[in-house]
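Work through the exercises below with the sequence and the coordinates at hand. Each task is followed by a stepwise solution.

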Amino acid sequence: MDLLGNIIINTFSIVVLAVIGFYSHRHSDKKTVDDKLYMSILLITAFMLVICIFGRFDGTGHAYYHLLNAAGNFILFFTSPVVPSLWLTYVLHRIFHDREKTRRLLYVSAVYCGIYAAMLAISVPYGWFYYIDADNYYHKGPYFIAVIIIVVAPILIAMLSVIKNREMIEGQHYRSFLIFPLPPMICIVLHTMLSGFFLVWNG
């Protein structure tokens, strides 16, 4: 996908997120934990969509484009597990309504993302997860699958938790919790299988 196509898709996605965020902001209690988590998911996803544009300068020759490409891809990889971790926290909070458990899970998620960030920083010089070649093209690294596992794990845990505790969830929310992760999963599959195809993993 070329830069223009990426800009169009990401801009459309940001507009959709803005509409969802505006509607949620008007019809929610802004002080509750679940609403704060939900809005955080929307804002971080929008941020990633913007950064994704800066990471799509493949093949451009100027030095500053190479810098933008490298920085954009690093930030995207860096933030990739954040939204899935927040989604898991949000889902479990909606199921159990336990503030203390939610606080502990946020701490675990921070450690989880921190360990991944350290792995990513170490991997960059060696191109283990991804690399930018001399012609300024993005490529998946030999251990790219490790990133996929790290990103997908919280999503799958959230889905299994929803299925396991379905009797504790209202029917409408149950369906939403199962459908909501599908776009990110589709994006992950497409990005993994297709060379030169890049979408923000959080869908």
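**Exercise 1.** Which residues have the most contacts inside the largest nonpolar core?

The model is predicted, with local features requiring pLDDT of at least 70 and side-chain atom pairs pLDDT 80 or more, while totals for chains, interfaces and linings use all residues. Residues are numbered from 1 along each chain as its sequence is written, and side-chain values use heavy atoms, without hydrogens and water.

Step 1. Take buried (under 20% relative accessible area, 1.4 Å probe, protein chains only) Ala, Val, Leu, Ile, Met, Phe, Trp, Tyr and Cys residues and join them through side-chain atoms within 4.5 Å.
Step 2. The largest such core has 26 residues, and W87, Y90, V91, V162 and F177 have the most contacts inside it.
Step 3. Assign the helices (DSSP runs of H or I, at least four residues): α2 (33-54), α4 (82-96), α6 (144-164) and α7 (171-179) each supply at least two core residues. The largest share, 10 residues, is from α2.
Step 4. Check V91: leaving out residues up to four places away in sequence, V91 touches A158, V162 and F177 (heavy atoms within 4.5 Å).

**Exercise 2.** Determine whether S85 is buried or exposed, and list its surroundings.

Step 1. S85 is in helix α4.
Step 2. S85 counts as buried because its relative accessibility is 3%.
Step 3. The S85 side chain reaches the backbone oxygen of P81 at 2.8 Å.
Step 4. Beyond neighbours within four places in sequence, S85 contacts S109, Y112, C113 and P154.

Key: Buried < 20%, exposed > 50% of the residue type's maximum accessible area, 1.4 Å probe, protein only. Polar contact = N/O pair within 3.5 Å; in protein donor to acceptor, adjacent residues only side chain to side chain.
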